[in-house]
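Reader: I would like to understand how the labels attached to this fold are reached. Could you take me through them?

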Amino acid sequence: MSQPSPALPNPSGRMPRQIGYIIGNEACERFSFYGMRNILVPFLISSVLLAYLPEGDRDGAAKDVFHTFVIGVYFFPLLGGWLSDRFFGKYHTILWFSLIYCAGHACLALFENNATGFYTGLFLIALGSGGIKPLVVSFCGDQFDQSNKDKAKVVFDAFYWIINFGSFFASLLAPLFLRHYGPAVAFGIPGVLMFIATFVFWLGRRHYVNVPPARRDPHAFFEVVKTALRAERAGAGRPGLLVALFGIAVAVLLLALWALSVLGIVPAAWAESFNFVISACLALGAIIVAGGVGASMQLERARGLHPDAAVDGVRAVLRVLIVFALVTPFWSLFDQKASTWIIQGREMVIPHEAAWWPSWLIQDAAQMQALNPLLVMLLIPFNNLVLYPALRRLGFEPTALRRMGWGIAFSGVAWIAAGAIQLWIDDGEQVSLSWQALPYLLLTFGEVLVSATALEFAYSQAPHAMKGVIMAFWYLTSTFGSLWVLLTNAGVRSDAATAWIAGSGLSENAFLMFFFAGFAFLAAAAFALYARRYPMQDNYRTA
């Protein structure tokens, strides 16, 4: 069996010297990512890239581009993780995807007026950012051993802090760069930061511990699933295999309809409403749902061909996938803070006349996004030190599933607040941008309950050999969250939906805000029902 390549000598029990390179890389990369992400929608709305559309349609088109980009960012971790685990190892995969990432930033800065160049840049950033997303934290963990594992928690806390630190300053400064210096500078600065991130990471190359790619595991998640679906049992058919094949057939049909509509063989309306990204995500969803249901129907057939622990692990992962599916509506609300809420903020009034408003710093609606990382850094210690102990004293145990369910519900409350603000705007009132602080507070509270809890929950439920699979599926929850946004945006553009919304007396923006709030409440109710019958496991490793 291959062994990790050794780093330069490190005194036993001390912090690995190479950690500084990884933390420095993360700080620059997070500023780079959030800097471009948080100005993408306002740039697109006012750019020549969407000038071919009527002015009233540009907001919706900008949202579509943004959420398509988010889908890519959270889909490509599957590719990065697979290449790292099977072929190249973490270091080389991170380095090469980082170079792709840099090229994407260069495209954004150079091709602000060229649609092909700009959208190529977005694709490259989604590929590069997504490719390294599942690797950097685990690569950092590889640098520790039994002698200094107690230092790992300090580093992972620093990682979390750096992510929010970079997001906070990027959210504050990038909109100012766009407003005062134009898109070339606003997108160029994140590109420079990403180049620095890559250079810093490369500087540590002689110090890293490089764990080689793993050999193929004959009892991995997908191997057990394949065995279960293929296995025959005397006197019984293979209903699970039929369900899985049905999902594959639906996926092929969805992609075929898109291709045929592009070729003009079927009405072009399909491609207009269900573009390639939507069709591909729906196809992936059909395969995951049908494959999961089919595998669960025949999973016991894998017993004897695989160890009991592997079969039980697959069963645990399939249960966690249901939890993850019920979390996807949360991400459909959360990620719209960088699209729908920015668009709403542009209709509001910045209260420069108020003595308490920092006019020297907050000059653009997009900067309100800085509240999210700031509130995250405040709410996590508040919850852990104040809220959760208080709830326990009252006899209410805030379990992981309860926290996640309430987090989804709080996201719905946040969108009720945003919808009320929109009604205020639609009535012709001059509404202060400061009112957006309320929905940001509610949404961030929901994020802390959901996101900060979900991985803790998932890791406790899946055995060690299945934790990598769990991480891959967790990233897909954001992909499907943005898919619901794209589907909803496509739905409200139909003549019937437009007429119905007009008859309701609500503007399209207000209607969508209340719609997504209802979506979250429905998901929270379904989550609570499933959580009641969920069989909790404890798969933390023994000391």
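This is a predicted model: local features need pLDDT of at least 70, side-chain atom pairs count only at pLDDT 80 or more; totals for chains, interfaces and linings use all residues.

Reader: Why are H3 and H18 called roughly antiparallel to each other?

Author: Helices here are DSSP runs of H or I with at least four residues (strands are E, at least two), numbered from the N terminus. H3 and H18 pack at an angle of about 160°, with axes 8 Å apart. Axes are lines fitted to C-alpha atoms, for helices over the stretch in contact, and angles run from 0 to 180 degrees between N-to-C directions. Angles under 35 degrees count as roughly parallel, over 145 as roughly antiparallel, 65 to 115 as roughly perpendicular and the rest as oblique. The pair H3 and H18 is therefore roughly antiparallel.

Reader: And what makes H18 and H20 oblique?

Author: Helix H18 (residues 467–492) and helix H20 (residues 508–532) pack at about 135°, with their axes 12 Å apart. That angle belongs to the rest of the scale, so H18 and H20 are oblique to each other.

Reader: Which residues of H18 and H20 meet?

Author: On the H18 side they are Trp-484, Val-485, Thr-488, Asn-489 and Val-492, and on the H20 side Glu-508, Leu-512, Phe-515, Phe-516 and Phe-519. Contact means heavy atoms within 4.5 Å. By class, this contact of H18 with H20 has seven nonpolar, two polar and one charged residues. Ala, Val, Leu, Ile, Met, Phe, Trp, Tyr, Cys and Pro count as nonpolar, Asp, Glu, Lys and Arg as charged, and the others, Gly among them, as polar.

Reader: How do you know that Ser-478 is buried?

Author: Ser-478, which lies in helix H18, has a relative accessible area of 5%. Buried means under 20% relative accessible area, exposed over 50% and partly exposed in between (1.4 Å probe, protein chains only). Ser-478 is therefore buried. Leaving out residues up to four places away in sequence, Ser-478 touches Tyr-74, Trp-331 and Asp-335.

Reader: What makes Gln-336 count as buried?

Author: Gln-336 sits in the loop between H13 and helix H14 (340–345). Its relative accessible area is 1%, so Gln-336 is buried. Beyond its neighbours within four places in sequence, Gln-336 is in contact with Lys-63, His-67, Trp-341, Trp-415, Val-485 and Phe-516.

Reader: Why is Asn-372 called buried?

Author: Asn-372 is part of helix H15 (residues 371–393). Its relative accessibility is 7%, and therefore Asn-372 counts as buried. With residues up to four places away in sequence set aside, Asn-372 touches Phe-334, Lys-337, Thr-444 and Glu-447.

Note on methods: Residues are numbered from 1 along each chain as its sequence is written. Side-chain values use heavy atoms; hydrogens and water are left out.
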